[in-house]
Amino acid sequence: MSCIECEKIKQGKYLVYEDSSVIAMLSERPAAKGHVILFPKEHYAIIEQMPDELIGHMLSAANRISAACFRAAGAEGTNILINNGIAAGQKTGHASINIIPRAENDGLNLQWQTATANEDDLKTAQLILKDELEGSKKPEEIKEENQEEVILEETPEEENYLLKQLERIP
Amino acid sequence: MPEQQQLTEEDLKNMSPEQLAELQKQNCLFCHLGSGKVQSKKIYEDEICFAVLDINPASRGHILLMPKEHYAILPQAPENAVNHLAKTAKMLSRAAIAGLGAEGTNIFIASGAVAGQKAPHLIMHIISRFHDDGITCFELPENNAEGLEEIQEILAKELGTVLKKTEPEEVSLKEIEKALK
(Lines give C-alpha, C1' and ligand atoms only; values in the text may rest on other atoms or scores of the structure.)
Protein backbone atom coordinates (compact mmCIF):
# COMPACT_ATOMS: atom_id res chain seq x y z
CA MET A 1 0.00 0.00 0.00
CA SER A 2 1.35 3.42 -0.83
CA CYS A 3 1.32 5.79 2.11
CA ILE A 4 2.82 9.29 2.12
CA GLU A 5 3.82 8.93 5.76
CA CYS A 6 5.55 5.60 5.13
CA GLU A 7 7.64 7.41 2.50
CA LYS A 8 8.42 10.26 4.92
CA ILE A 9 9.45 7.73 7.56
CA LYS A 10 11.92 6.20 5.11
CA GLN A 11 13.41 9.62 4.40
CA GLY A 12 13.58 10.63 8.06
CA LYS A 13 13.73 14.37 7.36
CA TYR A 14 14.06 16.50 10.52
CA LEU A 15 14.38 13.36 12.59
CA VAL A 16 14.66 13.93 16.35
CA TYR A 17 14.18 10.42 17.71
CA GLU A 18 14.21 6.91 16.34
CA ASP A 19 14.28 3.35 17.62
CA SER A 20 13.37 -0.03 16.17
CA SER A 21 9.60 0.59 16.19
CA VAL A 22 8.96 4.36 16.18
CA ILE A 23 10.29 7.51 14.56
CA ALA A 24 9.76 11.16 15.51
CA MET A 25 10.24 14.06 13.12
CA LEU A 26 9.62 17.79 13.30
CA SER A 27 6.46 18.89 11.55
CA GLU A 28 7.19 21.01 8.51
CA ARG A 29 3.80 22.67 9.01
CA PRO A 30 3.93 23.09 12.78
CA ALA A 31 1.03 24.07 15.06
CA ALA A 32 3.68 25.66 17.30
CA LYS A 33 7.46 25.93 17.26
CA GLY A 34 9.02 22.52 17.86
CA HIS A 35 5.91 20.49 16.93
CA VAL A 36 7.02 16.86 16.73
CA ILE A 37 5.08 14.03 15.08
CA LEU A 38 5.73 10.51 16.27
CA PHE A 39 4.92 7.58 13.98
CA PRO A 40 4.99 3.82 14.32
CA LYS A 41 7.39 2.59 11.61
CA GLU A 42 5.00 -0.13 10.65
CA HIS A 43 1.85 1.04 8.92
CA TYR A 44 -1.29 1.26 11.05
CA ALA A 45 -4.22 3.48 10.11
CA ILE A 46 -5.68 3.99 13.59
CA ILE A 47 -4.50 3.17 17.11
CA GLU A 48 -7.03 0.39 17.57
CA GLN A 49 -5.06 -1.61 15.00
CA MET A 50 -1.80 -1.24 16.85
CA PRO A 51 -0.60 -3.98 19.22
CA ASP A 52 -0.81 -3.02 22.93
CA GLU A 53 2.97 -3.13 23.33
CA LEU A 54 3.42 -0.65 20.51
CA ILE A 55 0.88 1.93 21.72
CA GLY A 56 2.45 1.68 25.19
CA HIS A 57 5.89 2.24 23.72
CA MET A 58 4.60 5.12 21.57
CA LEU A 59 3.24 7.04 24.56
CA SER A 60 6.44 6.45 26.53
CA ALA A 61 8.43 7.84 23.60
CA ALA A 62 6.01 10.79 23.33
CA ASN A 63 6.51 11.45 27.03
CA ARG A 64 10.29 11.38 26.59
CA ILE A 65 10.04 13.84 23.71
CA SER A 66 7.72 16.05 25.74
CA ALA A 67 10.23 16.01 28.62
CA ALA A 68 13.00 16.95 26.17
CA CYS A 69 10.89 19.93 25.03
CA PHE A 70 10.72 21.10 28.65
CA ARG A 71 14.38 20.52 29.38
CA ALA A 72 16.07 21.68 26.21
CA ALA A 73 13.64 23.62 24.05
CA GLY A 74 12.22 26.04 26.61
CA ALA A 75 8.65 24.72 26.55
CA GLU A 76 6.43 25.93 29.40
CA GLY A 77 3.94 23.17 28.70
CA THR A 78 3.25 20.45 26.17
CA ASN A 79 0.25 18.88 24.53
CA ILE A 80 0.16 15.30 23.41
CA LEU A 81 -2.62 14.75 20.90
CA ILE A 82 -3.82 11.79 18.88
CA ASN A 83 -6.39 12.52 16.20
CA ASN A 84 -7.75 9.04 15.77
CA GLY A 85 -10.04 8.73 12.77
CA ILE A 86 -11.19 11.19 10.11
CA ALA A 87 -14.02 12.48 12.31
CA ALA A 88 -11.37 13.33 14.92
CA GLY A 89 -9.33 15.38 12.45
CA GLN A 90 -6.90 12.70 11.28
CA LYS A 91 -5.39 13.93 8.03
CA THR A 92 -3.37 10.98 6.76
CA GLY A 93 -3.77 7.23 6.65
CA HIS A 94 -0.94 6.56 9.11
CA ALA A 95 -1.52 6.75 12.88
CA SER A 96 0.59 9.33 14.71
CA ILE A 97 1.02 11.22 17.96
CA ASN A 98 1.53 14.99 18.01
CA ILE A 99 3.83 16.45 20.67
CA ILE A 100 3.35 20.21 20.77
CA PRO A 101 5.54 22.44 22.93
CA ARG A 102 3.54 25.29 24.43
CA ALA A 103 4.39 28.78 25.62
CA GLU A 104 2.44 31.66 27.12
CA ASN A 105 0.48 33.56 24.43
CA ASP A 106 1.55 31.21 21.63
CA GLY A 107 -1.81 31.78 19.95
CA LEU A 108 -2.73 28.10 19.92
CA ASN A 109 -6.10 27.14 21.36
CA LEU A 110 -6.77 23.45 21.88
CA GLN A 111 -9.58 24.10 24.34
CA TRP A 112 -12.96 22.60 23.58
CA GLN A 113 -16.36 23.99 24.52
CA THR A 114 -17.89 22.19 27.46
CA ALA A 115 -21.52 21.63 28.26
CA THR A 116 -23.16 20.34 31.40
CA ALA A 117 -24.12 16.77 30.67
CA ASN A 118 -27.66 15.56 31.16
CA GLU A 119 -27.65 13.08 34.06
CA ASP A 120 -29.63 10.46 32.13
CA ASP A 121 -27.33 10.70 29.13
CA LEU A 122 -24.31 10.28 31.38
CA LYS A 123 -25.80 7.26 33.11
CA THR A 124 -26.72 5.63 29.80
CA ALA A 125 -23.24 6.19 28.39
CA GLN A 126 -21.79 4.82 31.63
CA LEU A 127 -23.89 1.65 31.38
CA ILE A 128 -23.00 1.09 27.73
CA LEU A 129 -19.27 1.67 28.23
CA LYS A 130 -19.11 -0.50 31.36
CA ASP A 131 -20.79 -3.32 29.42
CA GLU A 132 -18.48 -2.86 26.48
CA LEU A 133 -15.39 -2.82 28.73
CA GLU A 134 -16.42 -5.89 30.67
CA GLY A 135 -16.06 -7.85 27.47
CA SER A 136 -12.72 -6.23 26.59
CA LYS A 137 -9.42 -7.86 27.19
CA LYS A 138 -7.67 -5.87 29.92
CA PRO A 139 -4.17 -4.58 29.28
CA GLU A 140 -1.67 -7.08 30.59
CA GLU A 141 -0.41 -6.58 34.09
CA ILE A 142 2.81 -4.66 34.31
CA LYS A 143 5.89 -6.60 35.18
CA GLU A 144 7.98 -5.07 37.95
CA GLU A 145 11.27 -5.55 36.11
CA ASN A 146 10.01 -3.35 33.31
CA GLN A 147 9.95 -0.34 35.57
CA GLU A 148 12.32 2.38 34.59
CA GLU A 149 13.55 5.50 36.21
CA VAL A 150 11.18 8.42 36.44
CA ILE A 151 12.14 10.81 33.68
CA LEU A 152 11.69 13.90 35.80
CA GLU A 153 14.51 12.83 38.10
CA GLU A 154 17.00 13.83 35.44
CA THR A 155 15.57 17.31 35.23
CA PRO A 156 17.58 20.16 36.71
CA GLU A 157 15.07 21.69 39.09
CA GLU A 158 16.05 25.32 38.88
CA GLU A 159 15.42 25.41 35.15
CA ASN A 160 12.06 23.79 35.04
CA TYR A 161 9.01 25.95 35.22
CA LEU A 162 6.67 23.07 35.87
CA LEU A 163 8.72 21.73 38.70
CA LYS A 164 8.53 25.12 40.34
CA GLN A 165 4.79 24.99 39.90
CA LEU A 166 4.67 21.55 41.45
CA GLU A 167 6.42 22.72 44.57
CA ARG A 168 3.55 25.06 45.15
CA ILE A 169 0.55 23.86 47.05
CA PRO A 170 -2.66 23.45 45.06
CA MET B 1 -12.96 16.26 51.32
CA PRO B 2 -11.29 15.89 54.72
CA GLU B 3 -10.88 19.04 56.75
CA GLN B 4 -7.46 20.55 56.40
CA GLN B 5 -5.88 22.27 59.32
CA GLN B 6 -4.68 25.74 58.46
CA LEU B 7 -1.05 25.68 57.48
CA THR B 8 1.13 28.73 57.52
CA GLU B 9 3.70 29.51 54.89
CA GLU B 10 6.32 28.74 57.52
CA ASP B 11 4.87 25.22 57.97
CA LEU B 12 5.00 24.62 54.24
CA LYS B 13 8.62 25.76 53.99
CA ASN B 14 9.61 23.32 56.69
CA MET B 15 7.91 20.34 55.07
CA SER B 16 9.91 17.69 53.30
CA PRO B 17 9.17 17.03 49.60
CA GLU B 18 7.47 13.79 50.71
CA GLN B 19 5.22 15.64 53.13
CA LEU B 20 4.36 18.19 50.45
CA ALA B 21 3.52 15.42 48.01
CA GLU B 22 1.29 13.82 50.64
CA LEU B 23 -0.47 17.12 51.20
CA GLN B 24 -1.07 17.52 47.46
CA LYS B 25 -2.59 14.06 47.35
CA GLN B 26 -4.91 14.79 50.27
CA ASN B 27 -6.13 17.90 48.47
CA CYS B 28 -6.56 16.33 45.05
CA LEU B 29 -10.17 15.80 43.95
CA PHE B 30 -9.06 13.29 41.32
CA CYS B 31 -7.30 11.13 43.89
CA HIS B 32 -10.62 11.07 45.77
CA LEU B 33 -12.45 10.01 42.60
CA GLY B 34 -10.00 7.14 42.26
CA SER B 35 -10.42 5.97 45.84
CA GLY B 36 -14.20 6.36 45.62
CA LYS B 37 -14.33 8.99 48.39
CA VAL B 38 -16.00 11.28 45.87
CA GLN B 39 -18.78 9.94 43.64
CA SER B 40 -18.22 9.80 39.91
CA LYS B 41 -19.46 8.07 36.76
CA LYS B 42 -16.75 5.46 36.83
CA ILE B 43 -16.58 3.16 33.82
CA TYR B 44 -13.30 1.33 34.35
CA GLU B 45 -10.84 0.52 37.09
CA ASP B 46 -7.79 -1.65 37.59
CA GLU B 47 -4.83 -1.62 39.99
CA ILE B 48 -3.04 1.21 38.23
CA CYS B 49 -5.67 3.48 36.71
CA PHE B 50 -9.37 4.34 36.49
CA ALA B 51 -11.66 6.06 34.02
CA VAL B 52 -14.74 8.24 34.57
CA LEU B 53 -17.10 10.17 32.33
CA ASP B 54 -16.52 13.93 32.30
CA ILE B 55 -19.58 15.69 33.71
CA ASN B 56 -18.71 18.73 31.58
CA PRO B 57 -18.02 16.92 28.35
CA ALA B 58 -16.83 18.11 24.97
CA SER B 59 -19.06 15.47 23.40
CA ARG B 60 -21.18 12.45 24.32
CA GLY B 61 -18.65 9.98 25.64
CA HIS B 62 -15.85 12.19 26.98
CA ILE B 63 -13.73 9.88 29.12
CA LEU B 64 -11.12 10.93 31.68
CA LEU B 65 -8.44 8.30 32.26
CA MET B 66 -6.19 8.78 35.27
CA PRO B 67 -3.53 6.93 37.23
CA LYS B 68 -4.57 6.12 40.81
CA GLU B 69 -1.23 7.36 42.02
CA HIS B 70 -0.95 11.15 42.18
CA TYR B 71 1.23 12.53 39.38
CA ALA B 72 0.70 16.18 38.54
CA ILE B 73 2.01 15.92 34.99
CA LEU B 74 2.86 13.14 32.56
CA PRO B 75 6.67 13.46 32.85
CA GLN B 76 6.33 12.59 36.56
CA ALA B 77 4.70 9.24 35.85
CA PRO B 78 7.01 6.21 35.70
CA GLU B 79 7.34 4.42 32.39
CA ASN B 80 5.26 1.41 33.39
CA ALA B 81 2.33 3.68 34.33
CA VAL B 82 2.61 5.60 31.04
CA ASN B 83 2.65 2.31 29.14
CA HIS B 84 -0.38 1.05 30.97
CA LEU B 85 -2.30 4.30 30.46
CA ALA B 86 -1.69 4.10 26.70
CA LYS B 87 -2.94 0.53 26.47
CA THR B 88 -5.99 1.38 28.57
CA ALA B 89 -6.69 4.47 26.44
CA LYS B 90 -6.69 2.27 23.36
CA MET B 91 -9.19 -0.08 25.01
CA LEU B 92 -11.42 2.85 26.06
CA SER B 93 -11.27 4.40 22.61
CA ARG B 94 -12.33 1.09 21.09
CA ALA B 95 -15.19 0.82 23.61
CA ALA B 96 -16.40 4.33 22.69
CA ILE B 97 -16.38 3.40 19.02
CA ALA B 98 -18.08 0.05 19.56
CA GLY B 99 -20.52 1.09 22.30
CA LEU B 100 -21.35 4.71 21.64
CA GLY B 101 -20.94 4.67 17.88
CA ALA B 102 -18.11 7.21 17.98
CA GLU B 103 -16.58 7.71 14.53
CA GLY B 104 -13.21 8.65 15.94
CA THR B 105 -11.55 9.76 19.15
CA ASN B 106 -9.18 12.47 20.25
CA ILE B 107 -6.71 11.41 22.87
CA PHE B 108 -5.35 14.48 24.59
CA ILE B 109 -2.92 15.24 27.41
CA ALA B 110 -2.08 18.73 28.62
CA SER B 111 1.05 19.19 30.70
CA GLY B 112 1.19 22.60 32.32
CA ALA B 113 -1.25 25.49 32.62
CA VAL B 114 -0.16 27.09 29.33
CA ALA B 115 -1.06 23.82 27.59
CA GLY B 116 -4.57 23.99 29.03
CA GLN B 117 -4.10 21.73 32.05
CA LYS B 118 -6.82 22.53 34.56
CA ALA B 119 -6.48 19.79 37.16
CA PRO B 120 -3.53 19.12 39.48
CA HIS B 121 -3.66 15.41 38.52
CA LEU B 122 -2.46 13.81 35.29
CA ILE B 123 -5.49 13.23 33.05
CA MET B 124 -5.76 11.59 29.65
CA HIS B 125 -8.86 12.76 27.79
CA ILE B 126 -10.48 10.32 25.40
CA ILE B 127 -13.05 12.37 23.52
CA SER B 128 -15.59 10.54 21.34
CA ARG B 129 -16.00 12.21 17.99
CA PHE B 130 -18.89 12.24 15.56
CA HIS B 131 -19.18 13.74 12.11
CA ASP B 132 -20.51 17.29 12.34
CA ASP B 133 -20.14 17.41 16.13
CA GLY B 134 -18.90 20.98 15.82
CA ILE B 135 -15.60 20.40 17.65
CA THR B 136 -12.87 22.26 15.82
CA CYS B 137 -10.17 22.80 18.43
CA PHE B 138 -8.16 19.71 17.42
CA GLU B 139 -7.77 20.89 13.83
CA LEU B 140 -4.16 21.90 14.20
CA PRO B 141 -3.10 25.10 12.48
CA GLU B 142 -0.36 24.62 9.89
CA ASN B 143 2.17 27.40 10.19
CA ASN B 144 5.25 28.07 8.17
CA ALA B 145 8.22 26.46 9.83
CA GLU B 146 11.21 28.45 10.96
CA GLY B 147 14.54 27.25 12.28
CA LEU B 148 13.76 23.54 11.92
CA GLU B 149 17.44 22.55 11.73
CA GLU B 150 18.16 24.38 14.97
CA ILE B 151 15.27 22.76 16.88
CA GLN B 152 16.14 19.39 15.36
CA GLU B 153 19.68 19.63 16.68
CA ILE B 154 18.54 20.64 20.17
CA LEU B 155 15.90 17.92 20.54
CA ALA B 156 17.96 15.18 18.90
CA LYS B 157 20.85 15.91 21.24
CA GLU B 158 18.58 15.89 24.29
CA LEU B 159 17.05 12.58 23.15
CA GLY B 160 20.42 11.01 22.43
CA THR B 161 19.70 10.72 18.71
CA VAL B 162 22.73 10.64 16.45
CA LEU B 163 21.95 12.57 13.30
CA LYS B 164 23.44 11.33 10.08
CA LYS B 165 25.09 14.04 8.07
CA THR B 166 23.92 14.17 4.49
CA GLU B 167 26.98 13.01 2.62
CA PRO B 168 27.55 11.86 -0.91
CA GLU B 169 26.28 8.34 -1.44
CA GLU B 170 28.41 5.82 0.29
CA VAL B 171 30.34 3.41 -1.86
CA SER B 172 30.41 -0.05 -0.38
CA LEU B 173 33.69 -1.73 0.42
CA LYS B 174 32.95 -4.47 -2.10
CA GLU B 175 32.58 -1.96 -4.89
CA ILE B 176 35.90 -0.38 -3.97
CA GLU B 177 37.61 -3.76 -3.97
CA LYS B 178 36.05 -4.53 -7.34
CA ALA B 179 37.28 -1.25 -8.78
CA LEU B 180 40.80 -1.87 -7.51
CA LYS B 181 41.04 -5.27 -9.16
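Me: What makes H2(A) and H5(B) roughly perpendicular?

Reply: H2(A) and helix H5 (residues 148–158) of chain B pack at about 115 degrees, with axes 9 Å apart. Axes are lines fitted to C-alpha atoms, for helices over the stretch in contact, and angles run from 0 to 180 degrees between N-to-C directions. Under 35 degrees counts as roughly parallel, over 145 as roughly antiparallel, 65 to 115 as roughly perpendicular, and the rest as oblique. H2(A) and H5(B) are therefore roughly perpendicular. Helices here are DSSP runs (H or I, at least four residues), strands are E runs of at least two, and both are numbered from the N terminus.

Me: What kind of model is this, and how are residues numbered?

Reply: This is a predicted model: local features need pLDDT of at least 70, side-chain atom pairs count only at pLDDT 80 or more, and totals for chains, interfaces and linings use all residues. Residues are numbered from 1 along each chain as its sequence is written, chains are lettered from A and ligands numbered from 1 in the order in which they are written, and side-chain values use heavy atoms, without hydrogens and water.

Me: Which residues make the contact of H2(A) with H5(B)?

Reply: A:Ala68, A:Cys69, A:Arg71 and A:Ala72 meet B:Ile154, B:Leu155 and B:Glu158. Contact means heavy atoms within 4.5 Å. Ala, Val, Leu, Ile, Met, Phe, Trp, Tyr, Cys and Pro count as nonpolar, Asp, Glu, Lys and Arg as charged, and the others, Gly among them, as polar.

Me: Why is H2(A) called oblique to H4(B)?

Reply: The axes of helix H2 (residues 52–72) of chain A and helix H4 (residues 79–100) of chain B cross at roughly 125 degrees and come within 8 Å. That angle makes H2(A) oblique to H4(B). The contact residues include A:Asp52 and A:Arg64 in H2(A), and B:Glu79 and B:Lys87 in H4(B). They divide into four nonpolar, five polar and six charged.

Me: What makes B:Glu79 and A:Arg64 a salt bridge?

Reply: Their side chains meet at 3.3 Å, N to O. A salt bridge is a side-chain nitrogen of Lys or Arg within 4 Å of a carboxyl oxygen of Asp or Glu, so the pair qualifies. Side chains of opposite charge can pair when their charged atoms come close.

Me: How do you know that A:Glu119 and B:Lys41 join two chains?

Reply: The side chains of A:Glu119 and B:Lys41 form a salt bridge at 2.9 Å, N to O. A:Glu119 lies in helix H3 (residues 119–134) of chain A, and B:Lys41 in the loop between helix H3 (29–35) and strand E1 (42–45) of chain B, so the pair joins two chains. Six salt bridges are counted between chain B and chain A. Over all chains, the structure holds 15.

Me: How many residues does each chain give to the contact?

Reply: Chain B gives 90 residues and chain A gives 95. The two chains bury about 8,100 Å² between them, 64% of it on carbon and sulfur atoms. Buried area is the accessible area (1.4 Å probe) that two parts lose on being put together, summed over both.
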